[in-house]
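Subject: Structure handover

Dear colleague,

Please find the structure below. My notes on it follow.

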Amino acid sequence: MNAETASEHSGGSGPESEHSGGSGSESEHSGGSGSESEHSGPPGPGDAQVQPMHNTPAPGNHTPSGQGHAEFSLGIPNPRRRKRINNKAMWAFIFIAPAVIFLIFFSFIPILFSGWISLNNWDLITPLNKMKFMGTDNYTYLFQRDDIFKAGLRNTFVFTIAGVTINTILGLAGALLLNSKIRFRTFWRSIYFLPIVTAPLALGMMWYSLLNKNFGLINNLLGYLGIPPQPFLSSPDTALACIIGIAVYQYVGYYIIVSTAGLQGIPQEYYDAAAVDGASPPQSFWYITLPQLRPVLLFLIVTNTIGALQVFDLVFATTTGVAAETSGGGPANSTMVIVLHMYNTAFKFFKMGRASAMAMVLFVIILLITLIQLRLLQKRD
Amino acid sequence: MKSMRFVLYLVVLSAMILAAACGPAPTPQIIEKVVEKTTIVESTRVVEVEVPVQVQVTEVPQPVKLTMLTHWGEESLMKPMQAKLDEYMALNPHVTIEYQAVTFDQLLPKIATARAAGISPDIYHFYNLWMPDFAKGGMLAVPPPDVLEDIKANYTPGSLQAVTYADTIWGYPTEINTYQLVYNKKMLKDAGYDKPPATLAELTEYTCKLTKSSGGKVEVTGMALMPGWDSGVVHPFLSLLWSAGGQYVADDLSAALFDSPEGLSVLKYYTDMITQKCIDPAIGSFNDFVTGKAAMIIMANWFRSTLQASFVDGYENVGVAQIPTSGSGTPTALQYNWLWGVDNGSPNRDEAWKLVKWLNTPTAEGQASPMGDYLTSALGAIPSRTSDQVALKDRLSDEFMTAYVASAATAKPEPVYAGGQEVKTALQTEVEAAWYGKKTPEDALKTAAEEANRILGENK
């Protein structure tokens, strides 16, 4: 992430320490030279550039009068400069306006609309002005009566925790391996990244066929090894584990690539210094690599948690079957996830209000988890 | 100022162009001129000119585009239907038909979302269980009088009932599907049986006797289940329930009735067989019967073509029997129907009904309708139109179809009511929970009935 920035400086980490001394470029020093001082802060001993306070040039110095203070006139802003700034601000707003308008119309307003629908009973067919207001009944139903919703929440959390944890560990391990001097490193990096560029739906259908208990390739191979065919996606005991495995297969490459970029941003000098101090490789990993990778890991965990909590296409593709003869969610709803249940509730049962309530609940859950993660994982200043 | 004037001129010009482009198109006309030749003699030459005597103007129908949606998405099913639509378009050149097909599982979401997005197909072929929700929401157009007359005069009472809701017929019934016990004759013979089971007790005995296990794992199950699919779970359950003398829901839809001793006996058949490892829920699709992983299955007739093409021991070894009975019950198959409906918001309703009527009308006296021909040749389904059942009796006369056609005479239609799909899914969820040992049969049926009662109450 900060690979380029990190390699430009020799001390510290992060962009804050790009230059020694304080920040700020405008000189507020008490001594004036004709031009702005290149460093801020009070003049130190031995600073030959210090000039008297007034503009009268000292003998032997050729300092144009008034220079260096033309823009600064006791705090009263220049009207022409203010107009230039306002014009710049206006153009800035104009350039970001399309993105903001897009966000308002395609994110903000739909979220508000969904929140309103969640308080009503709407079947997707009746005109909106004839909806029946239900208050919080939809939410009450979800938490008190809807067993599939609870199963979906449970499965979603298991999928997220297991998937993100395994991918983080495997991603880091893969990055350490690929960052070392192995042969055909570029080739291996490409191989790991290939599943990422495959559509989840296509991947799900592929694995559905591979894991089929009757004609799947995996069971055929197990048969050659004398192992009886396994139910995989057909058993409630193994279906969710299979889905997690497919998700790991798909996304581990992404974790590896991003972790590799983070690893390459860690200066070698740290490891050299640690080696000089007698640190072992595990100690170097624990005291140098992990702390330096904290921002990268934070990014990976937070973004992938948000994605995993909204999983749909992978579960849909692997549990509805090639001919879509099944309704999704796996045997005994063992792989039912929140978004799939939301989809079934909205488009099969025509309960858009209840589905919107689920969406709101998921939104709050994701928000809370993200805030907690940011709090726990962010580096303290 | 000048730039403002320029912008104003541009806006007015654009508005004029838009108005011209969006204005109503003139009705196309064919103008035929009848002329006669007249000879005009001029001083230096004779000239023949054509003088118009009569002008006839005939209005040509406006071009119409119809969108039709079905769940017959496989190529083997799309091609024959497209051929029929091509035939209609050739007869009606002003009509263009766009044929859309999705998988069954996507049909209901597709219809619902297309409706919400304002891009509903003009015509859809849908499962009659969804009819009450569609009708209540004002989605369906009431058929015109000529269509209603045709339907009332030419369809079986069961089919009429299947497409009627709130005292209104909502479309042309198409395929009839019933459920029967389908078995592998060769496997039964190898196990020493010369006839299929007739009672639930015999079914229990046969299921265990026909199961083959190795190393503690079931390799061939006596009875295939179809988990994960609402119809696959609920339809066989209801067939056995009715054949045991039980009921699904009250006639006045006031309460669910499947949590009765009869319902419990049916569910316990499944759970006992699973516990004794005579049924393996992991062997869970009709394809398992086709490939020889199951000796029996309770299934509908529409998978005939799959059996003809791929049954492991040959189609001649497929047997069909009535649903086993228990207690005071008589063999009762569940029947469900599909129908063609026209979207109420379609701007081309008249043309849409014309197409649907043409599809369901015999091409000539004693001949089958295009739909009847399609259903029996491509699907192995039983057509609802009585004239099709007569005209196509040769296609319905093999041993497999004869049994299903006979069962249609006494089959019980799946109850059709608002919220029916949700009740079905609730029952499916609980039955599967019992299959996989997550709940006892008693708890599963109790929970399902409570949920069903809540849904029935909501939709009153």
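Two residues are in contact here if their C-beta atoms, placed from the backbone, lie within 7 Å. On that basis, among contacts in chain A between residues at least 6 apart in sequence, 66% join residues at least 24 apart.

This is a predicted model, in which local features need pLDDT of at least 70 and side-chain atom pairs count only at pLDDT 80 or more, while totals for chains, interfaces and linings use all residues. Residues are numbered from 1 along each chain as its sequence is written, and chains are lettered from A and ligands numbered from 1 in the order in which they are written.

Chain A

The secondary structure of chain A consists of 14 helices and two strands; helices (H or I, at least four residues) and strands (E, at least two) are DSSP runs, numbered from the N terminus. Of the 381 residues in chain A, 28% are buried. A residue is buried if 20 or more other C-beta atoms lie within 10 Å of its own, exposed if 12 or fewer, and partly exposed in between. Asn220(A) belongs to helix H7 (residues 217-224) of chain A and counts as partly exposed because it has 13 C-beta neighbours inside 10 Å. Its C-alpha atom is separated by 45 Å from that of Leu374(A), 154 residues apart along the chain.

Strands of chain B

Two strands pair if DSSP finds at least two bridges between them. Strand E3 (residues 64-70) of chain B pairs with strand E4 (residues 95-101) of chain B in the parallel sense over seven bridges, and Thr67(B) has Glu98(B) as its bridge partner in E4(B). With helix H2 (residues 75-91) of chain B, E3(B) and E4(B) make a right-handed β-α-β unit; right-handed means that, with the strands pointing away from the viewer, the path from the first strand over the helix to the second runs clockwise.

E3(B) is also joined by two bridges to strand E5 (residues 123-127) of chain B, again running parallel, with Met68(B) opposite Ile123(B). Five bridges join E5(B) to strand E13 (residues 334-342) of chain B, and these two run antiparallel. Here Phe126(B) has Leu339(B) as its bridge partner. Four of the five residues of E5(B) are buried.

Contact between the chains

In all, 32 residues of chain B are in contact with 27 residues of chain A. On the chain B side, helix H3 (104-117) gives the most, with nine residues, and helix H17 (420-435) supplies at least two.

Regards
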